[in-house]
Amino acid sequence: MPRSEAQTNADRILAFLEQNPYPYCDDCISKLCGVSPRNQVNGICNLKIRDKLVSQGDICHTCNRDKLTRQLKENAKPRKEKVLSKEEILAERYYHSIKIGGYDFRFLQELRPETGKNGKFIIERPQDGSKYEGVKGYNRYGNQDFCVLNVQEGLPAKPYVYALTDGDRTLYIGEIINLNERFGVNGYKKINARKCISDGQPTNCKINALILKHYQDGKKIYFYACPIDEKKLDDTERELIKKENPPWNGKIDGDNSRV
Ligand SMILES: [Zn+2]
């Protein structure tokens, strides 16, 4: 009788899962318990003995495939599936060392404009109405919107070649004898009126404003750095710019600021 046979098959499956406290897929249960066709295993597990089982996606103990598996409730542990946060997914992609032009660059941070309480980027225009305005004129990059960058504290006060990327392309390569200074309030982090004037600091203005524009376009900037002996800074930077041809590089006349 089909009914008693099904009962027998259900008992067989239960007995098998009792002796084998692992997850098994229906195909493997079918073969291992001699219950066929496979659809019958499926039916029994979904209906008849459903309450005794944990049915979940897992790695089958026999075929090692990631499938719907069955296991007795008393034997099953919830599957440990690591759910990555958005930040961790980003970390998987970018937050590690990368090679740029054959050099190892360490990931330091995403370089993001700070936002105000309204969630919008804080825009600063220190050049407007400053005591310098109209006296000396602005440098080429001195009269635009600027941001405040979320630069981490305690960057090394040492010589580095650094790189800004959007995750795919190297956008900018620079060298500096004191990385902490270059990215701090005297450098890229914040723009003041003095930096905006003709003999100010056009590079700081340029990079700060470019990062802001980049974020306003919905893109991101990742900041990497590679420690380099001070004597080799210039040569290494030149070598890397030649190799990478970053779009944000380009000589700025008259800017000799080292910060
Ligand atoms: Zn299997």
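Student: How many bridges join β2 to strand β3, and which way do they run?
Tutor: Seven bridges join β2 to β3 (residues 66-72), and the two run antiparallel. Two strands count as paired if DSSP finds at least two bridges between them. Helices (H or I, at least four residues) and strands (E, at least two) are DSSP runs, numbered from the N terminus.

Student: What is the bridge partner of L53 in β3?
Tutor: L72. Residues are numbered from 1 along each chain as its sequence is written. This is a predicted model: local features need pLDDT of at least 70, side-chain atom pairs count only at pLDDT 80 or more, and totals for chains, interfaces and linings use all residues.

Student: What order do the strands take in the open sheet of three?
Tutor: The order is β1-β3-β2, with antiparallel pairing. β1 (24-25) and β2 (53-59) stand at the edges with a single partner strand each, so one side of each lacks a neighbour in the sheet.

Student: Switching to β4. What does it pair with?
Tutor: Strand β4 (residues 98-100) pairs with β5 in the antiparallel sense, over three bridges. I98 has F105 in β5 as its bridge partner.

Student: And which residue in that hairpin takes a positive phi?
Tutor: G101, near 55°. The hairpin has two residues between the strands.

Student: Where else does β5 go?
Tutor: To β8, running antiparallel, through four bridges. There, R106 has A225 in β8 as its bridge partner.

Student: OK, the core. Which residues touch the most other members of the largest one?
Tutor: Y160, Y162, F223, Y224 and A225, out of 39 residues in that nonpolar core. Such a core is a set of buried Ala, Val, Leu, Ile, Met, Phe, Trp, Tyr and Cys residues joined through C-beta atoms within 7 Å. Buried means 20 or more other C-beta atoms within 10 Å of a residue's own; exposed means 12 or fewer, partly exposed lies in between, and C-beta atoms are placed from the backbone.

Student: Which elements give two or more residues to this core?
Tutor: β5 (103-110), β6 (160-165), β7 (170-176), α5 (179-183), α7 (202-216) and β8 (222-227).

Student: What does Y162 contact, leaving aside neighbours within four places in sequence?
Tutor: G174, I176, L179, F223, Y224 and A225. Contact here means C-beta atoms, placed from the backbone, within 7 Å.

Student: What does the second core include?
Tutor: That separate core has 13 residues, including Y24, C25, C28 and V35.

Student: And how much of the chain is buried?
Tutor: Buried residues make up 31% of the 259 residues in the protein chain.

Notes: Two residues are in contact if their C-beta atoms, placed from the backbone, lie within 7 Å.
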